[in-house]
Structure formats: C-alpha cells, structure tokens
Amino acid sequence: MNKLYIGNVSEQASALDLETIFEQWKIPFSAPFLVKSGYAFVDCPDEKIAMKAIDTLSGKVELHGKLLEVEHSVPKRQRSCKLQIRNIPPHMQWEVLDGLLAQYGTVESCEQVNTETETAVVNVRYGAKEQARQAVEKLNGFMMENYALKVSYIPDEMAVADPAAVSSRRGATPRGPPRQGSPSLGARPKLQSDVPLRMLVPTQFVGAIIGKEGATIRNITKQTHSKIDIHRKENAGAAEKPITVHSTPEGCSSACRRIMEIMQKEALDTKITEEIPLKILAHNNFVGRLIGKEGRNLKKIEQDTGTKITISPLQDLTLYNPERTITVKGPIEACATAEEELMKKIRESYENDVAAMNLQSNLIPGLNLNALGLFPVGASGGMSPSMVPGPPTGAQAAYPSFGPQQPESETVYLFIPALAVGAIIGKQGQHIKQLSRFAGASIKIAPADEMDAKQRMVIIAGPPEAQFKAQGRIFGKLKEENFFGPKEEVKLEAHIKVPSFAAGRVIGKGGKTVNELQNLTSAEVVVPRDQTPDENDQVVVKITGHFYASQMAQRKIQEILSQVRRQQQPKASPTGPPMARRK
C-alpha cells in the first residue's frame, strides 16, 4: 500500500507544486508525480512513509486554495471488504465506534493499528463488499468530536484471485450467520485470534483438567467459547503436556485462568506442596520483541503484575520445536493478568510480521510464505511447527516447487555485524546447522579480513526459495537478539557477483536500469565503477536495504542475468542440425 491518491487538486497545480509540498514536509517519494485533472498519484518508498503522508497532509495542507485529500490508491478490482479508518478521536470509546460501524453492515473484525499519530487508526473488515462501499461513502469526512474521519480501502489481492479462499484462509471455516444472543450494537465483535494460547501443564494434572468422561474440559470450552486441544499423545512419558487454546484473546485468558484453578485445586487435594507456575509456549521469533531492549518489556510486565517471569534458553530450541517456555510465578490472578499482557505482545508481533510479509507476498512466484517458519501460523491451522505431526522427510518437503525444472543455485554474500556472529552460529554451531537444514542452503561465515573488522560476511548458496528463507531468518535473528533498536529497521548489505559483460545491463544506459531498480525496490543498488573482474571474470553488485527491499532487488537482478544468459545461448535450428551445403 505504498501508492497514494491525491484528491481535490487544483487545476493550476503542477507536479512541481506537489513535489515542493512533499519536500517541505520531508516526505520522500520514489517516483514522479502523475498529475491528472483534479487528482494525482505518487509512489512512496514504503508503507510507513505512505501513512505519514496521509496523516500529515490529508485535509491539513492547502495547494492553490484547496485542501488536499491524500489516501491509499486502490484499484477498483481490489476494493473488497477491508477498510482503514484514520483520524479517530484518541479517547473514543470502542462501543461508540462499533455502534457507528455496525450501521453499515456486519463488522467481522475491527483491529487497532499502532501508529505514531495522536489519533487512532483501525482496520475494519465488513461481511460484504457493498457494506464496505457504503461505509466508505458515509464515513469519509464524518465528524466525531471535531475530528473528520478518513476512510480508505485496504487492497485485498486474495479477494481478487479467489474470493472463496479469503473466507477459508489459514484453514478457517467460512463464517455463518451470527448466532442468537451474539453481542448487539456497541459491543466489539468477538473474533478468534490467529495466535492460539499454548500452555505446558504437568502430566499428573491432565486427568483433572479433562474430568470424568471429559465433563470438565467440555465445561471450560462452553464457558469460555474456546476450542481446547490437550496433546496427550505428544512426547510419551514426558513430565509435561502441551495444551492449545483457540479462541478470542479474552476466551484464551478465561480458559487459562480456569485451567490454573483446576491445577491448584488438584495440587491441594493430592497434597502437592510446591508452587505450580503458569507455563506459556511462544514461538522464538516473537520472544526478542517480548523481552524488549535490555529486558524492559518483561520487567514492566513483572512490575505491573507482581509476578516473576523467566524464559527458557535458546539452546533448548530444535529445528522442529522453535518454541520457548515462558514461566510465570505468582498468585493465580497475578499470573492470569501476566498471561494477558504477554499474549498481547506476542499477538502484536505476529500481526506486524504478517503485515510485512503481505506487502511482498508475491516476491517469489509460488513461494509458500506460511511454510517459511518466520511466524508460526501455517497449513496446520494455527498450530506452531512443533505440533505438526512428524517432520518432513527433507529440507524442501513442505515447500512448493518453482516449476518443472529445478531452479539454479545462487550465491549471495550477506554482511552482518561482527558481534552477531556468535548468535548466528549458536552453541557448538547448532543454530547455523539448523538454519542450513531448514532453508536447504549452504551457509558459511567467512573469516574476518581484519582483527577489528566491524562486519563479517555470510556466504549463502542455494536456489531462490532457500535464499529467501535463510536471509529472512538471519534478518529476524539480528532483530530478535537486539543488534538493532526496537524501532530501528534491520538493513544489511548483500553482494551478488555478475559476469563483467552483464554489469552494463544492470546499470543501464546512463544508469537508467539501476535507478529504476532502486525506485522499484527501495533498496540501494550500486555497481562500483573501475572494478577489476575476479578470476571468474565477475564483478560485484552491492544491495543495501531491509529484508523485503533486498529480496526484491536480488530477484530483479537475477531476472536481468537470466535474460543475458538466454541471449548468450546459440539459437538451435528448428529443423535439427544444419544440412551440409552441396558443392
């Protein structure tokens, strides 16, 4: 959603006028303004900058006596049921907003978006396209407590490709009509969270949680509107068993509290004296953000709830069990409050990851993003990889192929902070070995060029999908381990070697191709001049940017190289080998 529509543009306005306004407000743009009669379009480098442009300019900045209207540009074919509503009064009660939204149809979801603005932003999904259309028409400019609402569509590529797939995404069953007695106007629609609550409970309490003929677990399920799976057959003989709770965040918390109460009662009845802590399982990709820089997030939750929280070490992770155990000690009510805060942070991390993935979801044709393991929801219907029955038989078993032919292997040289080498290698090389198996790539760390080198080179060899997975995990690991600040984007330099005769094609006439590449991908792409080709007659192309920008730039450069290779191949005669000429 980086393309912007600028409305209410004066007839006298020019592209230069709009450029001046964007530069005045320090809003970057990645392509020239396209000015039409009364409106214009422009591309921003990323979603964050697009949001800044909307919040800064829309309805606030004049051009030739007219207030500009700035919103996301969404083609008609991608206008479905999803909307974004901005400029909501900061102290607005949810009941008031829900009541307003419900006037135009069935609200299937309404989720707040974290922004740096004073006013609130929500993403809303209606039950039908016509309902969303009416909401846009009626609510755009609607005044609430002296704030004019700004409403725009959120592009929905899935709805265009396969409407049926949207309702059943992530294995969910299509929604039926609302049940009798469901919340009326003013109540927030209760939706199942995409991130289930995962708990570990002592095996000796499993019988009490299930109850006679399953009566206890049925009651908990009914009271909390949850689906609860007790994985009794997992890890036969283990001292603890996992429980997965699928419900709304509130439902998950209620079920958690009931399970803790049952365990405490059972401990008293069986005269068990030691404390029974709450144990939550969380995917490792979320744990770094949960802990926060210097442990600030975790310390705050401990202080606010009066609990003691510890997290299992990284060394306990395996390729097929990427979950860490969060142990919470304290009274039941304190543990229940801590669970709410912990899971809130985990769900926020998940939502941010999904949003980032969706921005570049068609980066590699046929790539199964859910299977990458960058976050835990996938084909298993919301379960983490540790719950998928049986590991795949090979590194590529769970992933789609790129076509009938095996894709060619590529080599990328990725530069990471020297201090991060230990985190990437792991104890006795465990992490880098697991990462190599997971991605299906060869991953090696080159020796340091100098004693005090600030960067180290990671050499990754493998096909495009393996590159995506390996690099994605490395970027994520650096963020997790706090080598970059909480609000700082992970940007790394990557090198690709190209044949010296193809370097000109990457640059283009007068630098046209490389400039277009940078505008398209938001990555910095440099082909250093006066390079001396190496022994294989190759030169280096340098790519610097965040993960998705770097991936897109790498793919585009590989496309150029494929075209060059095809043009270099001798053309075969359609009728077979050439005939000998008669004398």
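Predicted model: local features only at pLDDT ≥ 70, side-chain atom pairs only at ≥ 80, totals over all residues.
Close-up 1. C252 is buried, at a relative accessible area of 0%. C81 is another buried cysteine, with a value of 14%.

**Close-up 2. An aromatic cluster of Y5, Y39 and F41.** These three residues make up one aromatic cluster. The structure as a whole holds 8 aromatic pairs. Y5 and Y39 form a stacked pair, with ring centres 5.9 Å apart and 25° between the planes. Y5 sits in strand 1 (residues 3-7), while Y39 belongs to the loop between strand 2 (34-35) and strand 3 (40-43). The pair therefore ties together parts that are 34 residues apart in sequence. Y39 also pairs with F41: the ring centres are 5.7 Å apart and the planes stand at 80°, so this pair is edge-to-face. Both tyrosines are partly exposed. Y5 has a relative accessible area of 26%. For Y39 the value is 30%.

Close-up 3. The strands run in the order 14-15-13-16-18-17, and their pairing is antiparallel. Strand 14 (227-230) and strand 17 (308-311) stand at the edges. Each has a single partner strand, so one side of each lacks a neighbour in the sheet. On average, neighbouring strands are turned by 25° against each other, direction ignored.

Close-up 4. Strand 17 pairs with strand 18 (residues 323-329) over 4 bridges, in the antiparallel sense. T310 stands opposite T327 of strand 18. Helix 10 (residues 284-291) lies across strand 16 (278-283), strand 17 and strand 18. Relative to strand 16, helix 10 runs at about 115°.

**Close-up 5. I228 in strand 14.** At the other edge of the sheet is strand 14, which holds I228. Is I228 buried or exposed? I228 is buried, with a relative accessible area of 12%. This value counts as buried because the cut-off is under 20%. Beyond its neighbours within four places in sequence, I228 is in contact with I217, I220, T221, I243, T244, V245 and A255. V245 is 17 residues from I228 along the chain, yet their C-alpha atoms are separated by 4.6 Å.

Close-up 6. Helix 15 covers residues 464-480, 17 residues in total. From first C-alpha to last, helix 15 reaches 24 Å, close to the 24 Å expected at 1.5 Å a residue. How many residues of helix 15 are buried? The count is 14 of 17, so helix 15 is mostly covered. An α-helix has 3.6 residues a turn, so residues three or four places apart point the same way. Just after helix 15, N482 takes a positive phi of about 65°.

Terms used: Residues numbered from 1 in each chain as written. Heavy atoms only, no water. Buried < 20%, exposed > 50% of the residue type's maximum accessible area, 1.4 Å probe, protein only. Helix = DSSP H or I, 4+ residues; strand = E, 2+ residues; numbered from the N terminus. Expected span 1.5 Å × (residues − 1). Pairing = 2+ DSSP bridges. Axes fitted to C-alpha atoms, helices over the stretch in contact; angles between N-to-C directions. Contact = heavy atoms within 4.5 Å. Phe/Tyr/Trp six-rings, centres within 6.5 Å; stacked < 30°, edge-to-face > 60°.
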